[in-house]
Amino acid sequence: MLLAQVNTQLADISNNLIYSAMTVYTLAMFAQMFEWTFGAKGGVAVRSRQQATLAEAVSDSADAAKGVRKVSVTVASQSGGTTTLTRTALADAGATTVTSGRGDDDGAPADGPGPAGTSEKADMAGRIAVSLTVLGLLLHAGSVITRGLSVMRWPWGNMYEFSVAFALMMVGSYVVLLATKKNVRWLGLPVVIAVLLILGVAVSMLYTDSEQLVPALHSYWLGIHVSTATICGGAFFAAFVATGTYLIKDRYEHRIAAGLTVRASNLMDRLPASSTLDKLSYRINALVFPLWTFTIIAGAIWAEAAWGKYWEWDPKETWSFITWVAYAAYLHARATAGWRGRKAAYLALLAFACWLFNFYGVNIFITGKHSYAGV
Amino acid sequence: MSDTKTSPQPADAADPDAADVERLSTAPAEDADVPVGIGFVGWLRWFWRQLTSMRVALLLLFLLSLAAIPGSLVPQEGPNQETKLAAWKAAHKGVVPLFEKLQLFDVYRSPWFSAIYILLFISLAGCIVPRTWQFVGVLRAQPPAAPRNLTRMPVYAAWRSDVEPDAVNAAAHALLKKRGFRVAAGKGSVAAEKGYLREVGNLLFHFSLFALLIGVAWAGLASGTANKLVLEGQGYSNTTTQIDDFYGSQFYGINDLDSFGFKLDGFTAKYQESGPQTGTARQFTANVRYWVGDDATKLKKSTIEVNHPLEIDGSKVFLIGHGYAPVVTVKNAKGEIVYRGPTAFLPTDANMTSRGVIKVNDYGTDANGDKVQLAFQGYFLPTAAENFDRTGPISLFPAPADPQLVINAYAGDLRTDSGVPQNVYQLDDKAMTQLKDGDKIAKARLKVGQTWELPDGYGTLSYDGYQQWASFSVSHRPGNSIALVGGIAAILGLIGSLFVQRRRIWVRAVAGPDGRTLVEVAGLSRSESARTAEELAELAVELQDDAPAVDEPSETDTEDAPAAADSPAAAAPTAPETKE
Ligand code: HEM
């Protein structure tokens with residue numbers, strides 16, 4: 001195997017890009033803080049924008065009357081309330097959906113309107129924040145790519161590179177959620193703050209120059225196993241933020257229901273309803289679990305090629321297994337034991353703690369066979 | 001459907017088929033009842049029910065992850081772990097007896113760890129075998145007929161139409177069929193179900209865990225690993241007499257070794273030569289020629305690298321280490337060669353500062369005519385430091401830029417004949433005395449080609465050069481493919497189990513008292529997914545092609561305020577009496 005030379009020019013570009021990304025993320029963070037602050041002044045709308053457009057569309061279609069098919073589906077929610085989902089289609093256009101939205105009635109807490117509330121100014125700040133986050137993501141991705149190109153290998157061979165890739169996946173998960181039109185702008189601030197922390201630690205404490213890999217990492221499994229691991233990490237993190245927010249919001253809603261005093265209601269009311277948060281975190285976790293299973297199996301296949309045994313209870317393997325079992329317990333609890341809500345949420349937090357320890361703790365405190373040059 | 005109980009009771013009790021209708025999973029229902037029939041059998045049954053309950057499954061899963069933790073913090077017994085384990089034990093003397101009692105040095109083979117996963121798997125078997133039968137029953141049966149009161153279902157829609165009820169039902173039947181539902185026509189209603197793959201996936205996932213377990217168990221029972229250090233230019237054949245260490249198992253002993261061999265033609269190591277990571281390894285390659293069976297003349301060329309083992313005849317040969325072997329010639333006082341050859345030294349750090357012992361068994365007799373043996377202990381330094389004042393003898397770089405040998409000498413009895421197996425890398429100095437130069441310990445620092453005149457007339461040692469060695473582990477592990485198939489099946493099963501929704505949809509069209517047809521559609525799914533509502537809405541919209549809604553004043557009301565007043569009862573004025 002021929003060892004490529006390190007292209008220092010590209011390595012330097014990679015370093016500059018990561019600093020640029022951090023700067024842009026910092027600006028995005030400020031824009032988000034603006035959004036949250038201005039949004040508070042705008043007052044809290046009872047109905048979300050989505051609902052507003054729904055009302056508009058429905059009255060429009062009422063005008064068009066003829067040739068319109070419309071169905072309102074009553075959806076009973078967990079908490080006993082009901083919501084309705086309305087779907088309207090033009091008769092001639094086959095099953096073309098014109099609008100689809102949700103309304104709610106009685107009791108069940110509704111999703112908040114998001115950080116911007118009804119303030120135009122805050123909404124503008126929020127849009128700027130999203131644009132900046134996307135720009136940061138591009139710079140960040142550029143840094144990872146140039147780093148890889150500078151040594152012509154997968155850019156996750158040591159802890160610095162792995163941290164940077166993990167942070168990239170965190171922002172990536174957030175942007176993917178935004179792109180799928182999920183109501184997740186509120187997620188932006190915690191994501192950007194965490195990403196800045198991780199990148200800060202990476203560039204200041206974990207930094208290693210771009211170099212070739214130790215022989216143990218010369219394998220195409222590095223591309224498969226480690227990239228899926230980072231994707232899982234980013235998505236698990238998004239689910240973790242949703243879970244944490246769920247716990248806070250759920251307590252808040254309960255206090256309101258019980259007539260107790262609440263704090264920060266201005267902020268709380270702008271967040272999605274606890275049931276929405278709960279579902280969001282479950283969906284992300286459930287979506288990632290098969291990928292995490294794949295990551296572990298891919299790791300086992302690699303271990304078989306590298307060490308002769310696919311499972312040796314190496315600390316990294318052990319903690320991946322612990323994380324896997326913890327997430328399995330969480331899914332089990334939700335699927336069958338009727339452990340919804342808070343109890344399941346605590347399990348999800350525990351599972352994420354295992355993941356985090358597997359990444360940072362095991363590399364730093366325990367020496368195993370997993371080799372990371374530089375730490 | 002039964003009409004016997006109509007009193008306002010909790011819904012499930014009132015509607016005897018409700019439990020059946022709402023059962024969308026073969027997951028066992030929870031019950032924590034105390035034993036019914038007291039007595040041994042009663043307790044046994046209770047115990048079995050507890051063990052196979054979801055609560056206990058959850059508890060066992062939790063325990064399993066907890067139990068796995070200590071093994072990641074304390075070094076574990078196993079091949080090539082001896083030094084690490086010994087070092088840890090030496091550093092934590094106080095807790096060693098306790099830890100040994102708790103089997104914390106062999107967690108994953110300990111009875112308590114095994115107990116947890118064995119219980120988990122018994123629980124799993126007790127859970128999924130009945131579930132599988134039940135599911136087969138479900139597949140044989142029709143989707144359950146529409147419950148009397150459709151408004152009670154989680155998602156519901158209704159409208160009036162001028163189309164005949166039978167025609168609506170027929171249209172619904174065709175529509176659902178087209179959308180891939182299993183459909184059963186009922187009396188004035190249609191029942192449909194979809195998403196059986198969820199249950200299939202879930203069962204497949206849990207079954208595949210057994211496949212994984214069997215693969216792992218089989219590997220544990222029938223695999224073996226042999227370690228061997230080979231010098232450049234030397235050969236190795238996979239037989240009892242040649243291996244250094246062997247770790248076998250019940251069904252793979254030292255006599256079952258696959259028959260093959262190989263010659264190590266050369267070993268290449270490359271290291272980073274500049275920058276902060278100087279000395280970090282970049283490449284290790286062992287060039288070999290191997291043979292299969294007994295015929296060592298038919299050789300095939302190959303290379304063995306980290307991550308790229310050589311597969312021969314049921315075994316895999318892994319490159320696990322490398323090092324240097326200084327070549328020396330020892331002559332006695334008469335100038336006769338008493339020892340000549342390479343001796344493998346073991347690396348002690350990343351720069352390949354290597355330590356070892358050269359044992360001269362056949363030295364002969366000393367000046368007094370007594371039988372004596374010699375030993376040389378010391379370091380091989382591939383790139384020796386300028387001076388050792390502060391550091392002791394160390395190497396600064398792993399490649400041999402300035403290979404030096406730093407040794408001292410012993411004379412006496414090596415005790416190799418004592419019958420106790422000896423570690424070739426360690427010196428048993430109980431019956432040896434270290435040679436001295438006057439008061440000081442005699443030692444030499446040699447460059448290639450230099451000769452050391454030994455004190456007390458013992459002769460000379462010349463340092464002729466060095467060779468490289470590589471160490472291999474030869475591993476025979478069956479059961480990998482079972483585990484791999486299990487793993488792949490687990491992922492596929494999970495995907496089915498987590499991404500497929502199992503749901504039921506019912507359509508009922510009946511003639512109302514006003515002569516118009518009331519069309520009701522309702523749906524139910526396991527998890528409250530937004531998709532169920534959307535699917536129902538789509539279906540209803542499509543159904544309106546065949547059963548157009550008639551405009552009614554009340555409908556305009558709901559259009560203006562879709563968020564309010566659309567309670568099930570209002571939307572279905574003539575539905576059979578609602579119980580809420
Ligand atoms: C060996 C350890 C086990 C693991 C890793 C495991 C993992 C999982 C996972 C990840 C799910 C989620 C799938 C979903 O949400 O649909 C699940 C569901 C389930 N598991 Fe397990 N499980 C294990 C043992 C058991 C045992 C011992 C039982 C029975 C006592 C059991 C019964 C079930 C049931 C009934 C479901 C839900 C089925 C449904 O959603 O319809 N599992 N399991």
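Colleague: What should I know about the numbering and the limits of the model?

Modeller: Residues are numbered from 1 along each chain as its sequence is written, while chains are lettered from A and ligands numbered from 1 in the order in which they are written. This is a predicted model, where local features need pLDDT of at least 70, side-chain atom pairs count only at pLDDT 80 or more, and totals for chains, interfaces and linings use all residues; side-chain values use heavy atoms, without hydrogens and water.

Colleague: How many helices and strands does chain A have?

Modeller: Chain A has ten helices and three strands. Helices are DSSP runs of H or I with at least four residues, strands are runs of E with at least two, and both are numbered from the N terminus. Along the sequence of chain A the pattern reads α-α-β-β-β-α-α-α-α-α-α-α-α. Chain B has 13 helices and 24 strands.

Colleague: Why is Ala333(A) called buried?

Modeller: Buried means under 20% relative accessible area, exposed means over 50%, and partly exposed lies in between (1.4 Å probe, protein chains only). Ala333(A) has a relative accessible area of 0%, so Ala333(A) counts as buried. Ala333(A) belongs to helix 9 (residues 315-335) of chain A. Its C-alpha atom is 8.6 Å from that of Lys343(A), ten residues away along the chain.

Colleague: What makes helix 6 and helix 10 of chain A a packed pair?

Modeller: Helix 6 (residues 221-257) and helix 10 (residues 341-365) of chain A pack with axes 9 Å apart, at an angle of about 145°. The axes are lines fitted to C-alpha atoms over the stretch in contact, and angles run from 0 to 180 degrees between N-to-C directions. Contact means heavy atoms within 4.5 Å. Among the residues making this contact are Phe236(A) and Phe240(A) of helix 6 of chain A, and Leu349(A) and Trp355(A) of helix 10 of chain A.

Colleague: Is the crossing of helix 6 and helix 10 of chain A left-handed or right-handed?

Modeller: The crossing is left-handed. That word applies if the near helix is turned anticlockwise from the far one by less than a right angle, and right-handed applies if clockwise.

Colleague: Why do strand 5 and strand 7 of chain B count as paired?

Modeller: Two strands pair if DSSP finds at least two bridges between them. Three bridges join strand 5 to strand 7 (residues 260-271) of chain B, so the two strands count as paired, and they run antiparallel. Gly235(B) has Lys263(B) as its bridge partner.

Colleague: How many bridges join strand 14 of chain B to strand 15 of chain B?

Modeller: Nine bridges join strand 14 to strand 15 (residues 371-381) of chain B, and the two run antiparallel. Thr365(B) stands opposite Lys371(B). The hairpin of these strands has five residues between them, and Gly369(B) takes a positive phi near 85° there.
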